[in-house]
Amino acid sequence: MSLPTFHMIDAAPQPVATFSHAAEIDGWVFLTGQMPTWPDDPKRPLPGGVTAQTERVMDNLILVLKGMSLGIENVAQARIYLTEFDRDYEDMNMAYKAYFEDGKLPARTCIGVTGLAVGALVEIDVVAKRP
C-alpha cells in the first residue's frame with residue numbers, strides 16, 4: 001500500500017484552515033469539505049440562503065475534482081453538514097441532487113451541527129474513485 005499524496009488546486013477556493021484540498025491513495029481521492037466561499041475572492045460575502053450556499057459548495061467541489069482530472073460522476077460518497085438541519089434539509093437536498101445524474105447518487109450522510117467555519121450554513125466533503 002502506498003502513502004497518500006496531498007494536492008492543492010490553484011483554481012479552488014483558498015483553504016479556511018490548515019488542510020490540503022485533497023488527499024489521494026490507491027485511486028481513492030478524499031476531498032476536504034468545501035465551504036460556500038468564492039474562489040476568486042475569499043473576502044466576498046457568502047451567498048444568501050442554503051440553496052445558493054449548497055450550489056457554491058458543489059461548484060467548489062467540482063473545481064477540486066476538475067483539478068484532480070475527475071468529475072462529479074467519480075464521487076462515491078458524500079458527507080453534508082447543516083447548521084439549521086430542520087429548516088434547510090429539503091432545500092439543500094433539491095440543490096444537491098441537481099448535480100447528479102438520475103439514479104446515480106453517491107452514498108451519503110447528512111449531519112446537523114452547531115456551527116461551521118466562516119458562518120456557513122452548509123459544508124460538503126466527498127470521496128471519489130479514479131476509473
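Entry: I began with phenylalanine 6, whose bridge partner in strand 2 is alanine 23. Strand 1 and strand 2 are antiparallel and share three bridges. A note on terms for myself: strands (E, at least two residues) and helices (H or I, at least four) are DSSP runs, numbered from the N terminus, and two strands pair if DSSP finds at least two bridges between them.

**Entry: ground rules.** This is a predicted model, where local features need pLDDT of at least 70 and side-chain atom pairs count only at pLDDT 80 or more, while totals for chains, interfaces and linings use all residues. Residues are numbered from 1 along each chain as its sequence is written, and side-chain values use heavy atoms, with hydrogens and water left out.

Entry: Strand 2 then runs antiparallel to strand 3, with four bridges between them, and isoleucine 25 sits opposite tryptophan 28. Two residues separate the strands of this hairpin, and aspartate 26 has a positive phi near 50° there.

Entry: In what order do the six strands lie? I wrote down 1-2-3-6-4-5, an open sheet with mixed pairing. Strand 1 (5-7) and strand 5 (107-112) are at the edges with a single partner strand each, so one side of each has no neighbour in the sheet. On average, neighbouring strands are turned by 15° against each other, direction ignored; axes are lines fitted to C-alpha atoms (for helices, over the stretch in contact), and angles run from 0 to 180 degrees between N-to-C directions.

**Entry: strand 4.** Strand 4 (residues 75-82) is antiparallel to strand 6 (residues 122-129), with seven bridges, and parallel to strand 5, with six bridges. I followed alanine 78 both ways: valine 126 stands opposite in strand 6, and arginine 108 is the bridge partner in strand 5. Six of the eight residues of strand 4 are buried.

**Entry: the helices.** Helix 2 (residues 85-97) lies across strand 4, strand 5 and strand 6, at about 150° to strand 5. In the loop between helix 1 and strand 4 I found glutamate 73, which counts as exposed because its relative accessibility is 66%. Its C-alpha atom is 9.3 Å from that of lysine 129, 56 residues apart along the chain.

**Entry: proline 39.** Beyond neighbours within four places in sequence, proline 39 is in contact (heavy atoms within 4.5 Å) with Ala11, Ala12, Pro13, Arg56, Asn60 and Leu63. The C-alpha atoms of proline 39 and asparagine 60 are 7.5 Å apart.

Methods:
Buried < 20%, exposed > 50% of the residue type's maximum accessible area, 1.4 Å probe, protein only.
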